[in-house]
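Keep the structure open and follow along.

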Amino acid sequence: MSTIINTPEGSRDRLFDECTERRRVQDTLTELFSGRGYTEVSTPEMEYYDLFVQTGTLLPQESFVKVVDRSGKLLVMRPDCTVPIARMAATKLKSVPLPQKFYYNETVFRSGLANKGGNYEFSQCGVEVIGAGGTESDIDVIALAIDAMRAVSPGPFHIELGHAGLFRALAEELKLSAGEAERLGRLFEGKQFAALNQALEPYRDEPAYAMLSRLSRLFGGPEVLDEAEELAGKRPKLEELRRIWEGLRDRGYGDYIRFDLGLVQQLHYYTGVIFRGYVEGAGAPVLSGGRYDLLMEQFGRSAPAAGFAVDVDAVADISIRPHVQEDTHRLRLAVTKGRLQEDSVKLFEDAGLDCTPLRDPGRRLVHELPDYPLDVVLAKAPDVITYVEHGVCDLGIVGKDTIMEMGSGFYEVLDLGLGKCRFCLCVKEGTDFYGTYKRRCIASKYPQVTREFFAGKGMDVDIIKIEGSAELAPILGLADAIVDIVETGNTLRENGLVAIEDVAQISARLIVNTASMKLYRDEILDFIGKIELVLEKRSGSGQD
């Protein structure tokens, strides 16, 4: 019998400095919260799965770490601290007068994709205020969030404000269905500029169009509130954000505040102001929170509420990681090797950038552009996504096929129109693929894309991952069909195959790390603007 000596994927042992720094962050935060009148609470590490379903916590089902109890009921390891604390306050503490101020130091569990290098268990320290509503309460909570970041942040940081009700109000003006609003919200959250323009085109004549067409780009300082009011007039949600901003400014917190009016939270119980904290060295927000005035009603007790959580592990990891403070930040862009590399260089040159180092790269993998603060990293397509998601590269150029297969924890800002092709379902010529009840076997380099495509059709299929030429699978009788990228179709024809259905249109996309977009806003928007001008000129001339 073998002895297991490693830890499960997504978990880890912490040693020496890691333990010391993690405990320092936890102790600093809990001391701060306790000193502000918050009382510690703790909820079970396992909760009923239905608890999170009934409250609209729309985390993907696969992100829950599930357990079955002795009675057969489905449990989950705690994926979020706010919902259990709301349950506790509404039931165990129903007779205790409001407001109630709690803090917690807990572990949450969220399963991620395989081989992403992240953890499935996270240490969180945070606060919840139950029974206090209004602008002053929001200001108090956000001010405490800033104080928390000042106490533990290893570098420069800022807090970004948005409003959960702003997008919802605009979506209601367009009379969008729940499904349409959900789809549009994902585009806003991902800052998919090109896709948003296309999705909003049918609503061009609606009064809300002017605001929605700019919403994903309305992030930065308080000037974005002025621009929003010019586009949409005085709106209650904008006026609420302005009052919060003015209150924080008057308390001396103004320098730490930014805005993102296109912020759409994944946790749908938020109803008012929402906010995130960004710090240099982290590829994702290290603090998140907001107002959730309707959540308590789910447990039979109506009360306004707000709170936030700090990702202790993220802050501690940055603190012990060597980090050189730069006077000026050079953007780092990962570009997919091969054809996209050549097309990207031409795109950069059309934008006026000197790409001499990239014209003869040799064996070097990182190249500094001489006339623009940009370093170009040459990498394989899957690695481009990995580097951007982890924040070691600020931007990336990669095909939509790779994005669809690997998922997206970044902003997908532009469709560059490079490397156009399509995902297709392909079979041997003369095959009646849909004319049988037999369970089909599909071969593909892209099992996730294939799985989602057939799930959308309600078809059960067997999927075999192929690393080389997928065309061989039906020829050799391994599979009934393939899902693969088709450009000209010549390879298919030469091997007796035909494409019978398009799965998706593919082209190269410009992606941006979520934290980099906020920390280096001006530099990144300057680069995006240069690329957009080239794309507009090419579109106007009919050039691909």
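## A salt-bridge network

Glu160, Lys191, Asp260 and Lys518 are tied together in a network of salt bridges. Keep in mind that this is a predicted model.

Across the whole structure, a search turns up 42 salt bridges. Take Asp313 and Arg22, whose side chains meet at 2.7 Å, N to O. Asp313 belongs to helix H11 (residues 312-320) and Arg22 to helix H1, so to speak a link between distant parts of the chain, 291 residues apart. Both Asp313 and Arg22 are buried.

Arg330 and Asp375 make another salt bridge, at 2.8 Å from N to O. Here too, distant parts of the chain are linked: Arg330 is in the loop between H11 and strand S13 (331-336), Asp375 is in strand S15 (residues 374-379), and 45 residues separate them. Arg330 counts as partly exposed because its relative accessibility is 29%. Asp375, with a relative accessible area of 10%, is buried.

Leaving out neighbours within four places in sequence, Gln192 is in contact with Arg186, Leu187, Glu412 and Val413.

Now for helix H7 itself (residues 193-200), whose buried residues are Phe193, Leu196, Ala199 and Leu200. Looking down the axis of H7, these buried residues fall within an arc of 125°, so they line one face of the helix. An α-helix has 3.6 residues a turn, so residues three or four places apart point the same way. What do the buried residues of H7 pack against? Their partners are helix H6 (178-189), helix H8 (209-215), strand S17 (411-415) and helix H20 (521-541).

The largest nonpolar core holds 68 residues, and the ones with the most contacts inside it are Phe33, Ile142, Leu161, Leu215, Leu261 and Phe308. Which helix gives this core its largest share? That's helix H4 (residues 135-152), with 10 residues. In soluble globular proteins, nonpolar side chains tend to be buried together.

Zoom in on Leu215 for a closer look at its surroundings. Not counting residues up to four places away in sequence, Leu215 touches Leu166, Phe167, Leu170, Phe188, Leu261 and Gly262.

## A nonpolar patch on the surface

Leu472, Ile475 and Leu476 form a nonpolar patch on the surface, and together they have about 290 Å² of accessible area. Leu472 is part of helix H17 (residues 472-475). Its relative accessibility is 46%, so Leu472 counts as partly exposed.

A few backbone spots deserve a click. The peptide bond from Leu98 to Pro99 is cis, with omega near 0°. Pro99 is in the loop between helix H3 (82-91) and strand S5 (100-109).

Phe16 is one of them, with a phi of about 55°, and it lies in the segment before helix H1 (17-35). Phe16 counts as exposed because its relative accessibility is 67%. Lys175 also has a positive phi, about 60°, without being a glycine. You'll find Lys175 in the loop between helix H5 (164-173) and H6, where it is exposed, with a relative accessible area of 73%.

Conventions. Residues numbered from 1 in each chain as written. Predicted model: local features only at pLDDT ≥ 70, side-chain atom pairs only at ≥ 80, totals over all residues. Heavy atoms only, no water. Patch = residues over 30% accessible without salt bridge, like charges linked within 9 Å, V, L, I, M, F, W, Y side chains within 5 Å. Areas by Shrake-Rupley, 256 points an atom, 1.4 Å probe, with all protein chains shown as cover. Salt bridge = Lys/Arg side-chain N within 4 Å of Asp/Glu carboxyl O. Helix = DSSP H or I, 4+ residues; strand = E, 2+ residues; numbered from the N terminus. Buried < 20%, exposed > 50% of the residue type's maximum accessible area, 1.4 Å probe, protein only. Core = buried A, V, L, I, M, F, W, Y, C linked by side-chain atoms within 4.5 Å. Contact = heavy atoms within 4.5 Å. Arc of directions from axis to C-beta.
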